[in-house]
Amino acid sequence: MTDAPLPLGGFTIWLTGMSGAGKSTITGILERELRDRGVPLEVLDGDVVRTHLTKGLGFSREDRDENVRRVGWVCELLTRHDVVAIAAVISPYRAVRDELRALIGRFVEVFVDAPLEVLAERDVKGLYRKAHAGEIENFTGVSDPYEPPLNPEVVCRTDGTETPAASAAKVIARLEELGYL
Ligand SMILES: Nc1ncnc2c1ncn2[C@@H]1O[C@H](COP(=O)(O)OP(=O)(O)OP(=O)(O)O)[C@@H](O)[C@H]1O
Ligand SMILES: [Mg+2]
């Protein structure tokens, strides 16, 4: 017997929500906080992933599901090897998110939630204006569905109710409650 502490093990933090809801912003804060605690981690951000791992995939339901499955597959590998994976992808379809929950097991779903009016108003990337003008097809929330999680581990209200720091703190608190940190 040894009295060395047990490794806490990997887990996946899966941030889902519409464009501009705050997934990347919260991820950045979580990344800093977890690195400060010495936690080994990797971030898979939708925008970055689509230029490499899932390059060439589009925005049909089939391609979106494939995008999410590939990200989830990497998260499963990382989790299994005691690395924390943080995925920040719109992942609009509930069924494939639930599939990943079953695959990964140690899966913390964070619903990053703000109403469409707020997202269109702040329009961080100017995409809502384009989507409303019909310049972008299959835009989540405008011309494509978003299926909110029914039972997420965390809900972050990013419509102005919470600061980004407060949203990230909610995630950390839940991880501690679940015994992952
Ligand atoms: N509580 C909050 N948490 C996160 N972001 C917030 C919050 N409140 C306001 N915001 C603002 O919302 C915006 C979120 O933009 P961000 O790029 O993080 O969205 P995203 O979900 O990653 O979008 P995309 O899917 O297009 O990558 C930022 O301008 C941020 O300052
Ligand atoms: Mg983002």
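**View 1. Backbone contacts to ligand 1.** A nitrogen atom of ligand 1 is placed 3.2 Å from a polar backbone atom of Thr163. The model shown here and in the other views is predicted. Pro164 also approaches a nitrogen atom of ligand 1, with a backbone N or O atom at 3.4 Å. For Gly20, a backbone N or O atom lies 2.7 Å from an oxygen atom of ligand 1. Ligand 1 exposes 640 Å² when taken alone, and 82% of that area is buried by the protein.

**View 2. The shell of residues around ligand 1.** There are 19 residues around ligand 1, and those that come nearest are Ser19, Gly20, Lys23, Thr25 and Lys125. By residue class, the shell consists of six nonpolar, eight polar and five charged residues. At least two shell residues are supplied by each of helix H1 (23–36) and helix H7 (164–177). Helix H1 provides the largest share, four residues.

View 3. Ligand 1 takes up the space of the largest pocket. This pocket has a volume of about 740 Å³. Its lining is made up of 36 residues, and Ser19, Gly20, Lys23, Ile90 and Lys125 are those nearest the pocket centre. The lining of the largest pocket divides into 13 nonpolar, 14 polar and nine charged residues. Helix H1, helix H2 (46–49), helix H3 (61–80) and helix H7 each contribute at least two residues to this lining. As in the shell around ligand 1, where H1 gives four residues, the largest share of the pocket lining is four residues from H1.

**View 4. The largest cavity and its lining.** One cavity of 30 Å³ or more is counted in the model. The largest cavity holds about 30 Å³ of space. Its lining is formed by Ser19, Gly20, Leu119, Arg122, Asp123, Val124, Lys125, Leu127 and Tyr128. Helix H5 (116–122) and helix H6 (127–132) are the elements that give two or more residues to this lining. The residues lining the largest cavity comprise four nonpolar, two polar and three charged.

View 5. Ser19, Gly20 and Lys125 are among the residues that come nearest to ligand 1. These three residues are also among those nearest the centre of the largest pocket. Ser19, Gly20 and Lys125 are included in the lining of the largest cavity as well.

Conventions:
Residues numbered from 1 in each chain as written. Chains lettered and ligands numbered in written order. Predicted model: local features only at pLDDT ≥ 70, side-chain atom pairs only at ≥ 80, totals over all residues. Heavy atoms only, no water. 1 Å grid on protein atoms, 1.4 Å probe; cavity = no way out; pocket = protein on both sides within 12 Å on 5 of 7 lines; lining within 4 Å. Points joined across faces, edges and corners; volume = space filled by probe spheres on them. Nonpolar A, V, L, I, M, F, W, Y, C, P; charged D, E, K, R; others polar. Near = heavy atom within 4 Å. Polar contact = N/O pair within 3.5 Å; in protein donor to acceptor, adjacent residues only side chain to side chain. Areas by Shrake-Rupley, 256 points an atom, 1.4 Å probe, with all protein chains shown as cover. Sits in = over half its atoms within 2 Å of the grid points.
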